[in-house]
Amino acid sequence: MTKKLSSDITPEISYSSRRDFIKALGVAGVSAAVLAACKQKPFLSGEEIPNEPSLTDEPGITPLSSGTTDELGNAITSYDDVISYNNFYEFTTDKEGVVRLAKNFQTNPWEVKIGGLVEKPQTISIDEIRRRYSAEERIYRMRCVEGWSMVIPWQGFPLAALLEDLKPTTEAKYIRFESIYDPKELPGQKNLYYPWPYVEGLRLDEATNDLTILATGLYGKDLLPQNGAPVRLVVPWKYGFKSIKSITKIDLVSEMPVSLWMDSAPNEYGFYANVNPSVDHPRWSQATERRIGEFSRRPTLMFNGYEKEVTALYEGMDLNENF
Ligand SMILES: Nc1nc2c(c(=O)[nH]1)N[C@H]1C(S)=C(S)[C@@H](COP(=O)(O)O)O[C@H]1N2
Ligand SMILES: [Mo]
């Protein structure tokens, strides 16, 4: 099998999605003909468009306890966008096609096999995970390496809580995660270009940082398959691809794990993948991003705006080398 030189993760240039457009035009009251004519040139700036999160127009959505913005005052992304614009290559590389293909994906029963360099290896069911670790709400920005971002209200628990129960041995330096491997149910895994299963990893001190959570829900509801049900990682200061979905295996290891992206395009995707506006991707700039639901781009923040919480983790490291 020949490997392509670069991956399929491409910058998001033209998702001024029809949906966003139609929403905005609804507000402005402009005809569909004008929409067609202006497709490539958005004429409304983000500032003119009310970006109210629609918490109540989806049935079954619980009002959020911690408000409708993140700690920087950014509005949370609409539920509709969070559950219908997804990267989940096990289904398809088409972001707007995941939702349909993932619809009937079975995520209960589900087990996570945990082992490696721990005193207490265990296989836990998703029900047991939910019982043992009570979920709290965390509103986090998520910045995809492709140049778009969202603000998502997760429910989850600190990965540190699980690690405490596993009792990593002193040799454990990294944590390695694996997503489900099931080519019969996951059409994207028939694409042999990618080295399935999806693998990701963190350094142990990154894994135990309080920002790092295992999420089981969002917007007050259980995760849907397209968002990585029943349990996925969320590491908000790193590019979205680190936040591995539908986890079936966790191992504590002594060597830096090789992720799916490092394996398929090592010159483009490093182990750390910290959001950093001054380190460009080889094929595009990372200085700005488009918040889904907005039209104009905004500057990307160092560590995705979580500098205070995580800068100390990388003291003395060259972040250009360790991208
Ligand atoms: N197993 C798995 N996890 C994954 C991905 C994937 O393709 N497979 N895509 C990643 C990427 S690139 C991003 S941006 C986020 C998207 O999460 P969301 O669809 O819930 O917003 O999931 C990440 N986790
Ligand atoms: Mo991503």
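Trainee: What share of the 323 residues of the protein counts as buried, and what makes a residue buried?

Mentor: Buried means under 20% relative accessible area, with a 1.4 Å probe and protein chains only; 53% of the 323 residues count as buried. Keep in mind that this is a predicted model, where local features need pLDDT of at least 70, side-chain atom pairs count only at pLDDT 80 or more, and totals use all residues. Residues are numbered from 1 along each chain as its sequence is written, ligands are numbered from 1 in the order in which they are written, and hydrogens and water are left out of side-chain values.

Trainee: Why do Lys 245 and ligand 1 make a polar contact?

Mentor: A polar contact is a pair of N or O atoms within 3.5 Å. A polar side-chain atom of Lys 245 sits 2.7 Å from an oxygen atom of ligand 1, so the pair qualifies. Arg 232 also has a polar side-chain atom 3.0 Å from a ligand oxygen, and a polar backbone atom of Asn 87 is 3.2 Å from a ligand nitrogen.

Trainee: How much of ligand 1 does the protein bury?

Mentor: 100% of the 530 Å² that ligand 1 exposes when taken alone, with areas from the Shrake-Rupley method.

Trainee: What makes the space taken by ligand 1 a cavity?

Mentor: On a 1 Å grid over the protein atoms alone, a cavity is a set of points where a 1.4 Å probe fits but cannot get out. The ligand's space is the largest cavity.

Trainee: Which residues come nearest to ligand 1?

Mentor: Tyr 89, Glu 90, Ser 179, Ser 243 and Lys 245, out of 16 around ligand 1.

Conventions:
Buried < 20%, exposed > 50% of the residue type's maximum accessible area, 1.4 Å probe, protein only. Near = heavy atom within 4 Å. Polar contact = N/O pair within 3.5 Å; in protein donor to acceptor, adjacent residues only side chain to side chain. Areas by Shrake-Rupley, 256 points an atom, 1.4 Å probe, with all protein chains shown as cover. 1 Å grid on protein atoms, 1.4 Å probe; cavity = no way out; pocket = protein on both sides within 12 Å on 5 of 7 lines; lining within 4 Å. Sits in = over half its atoms within 2 Å of the grid points.
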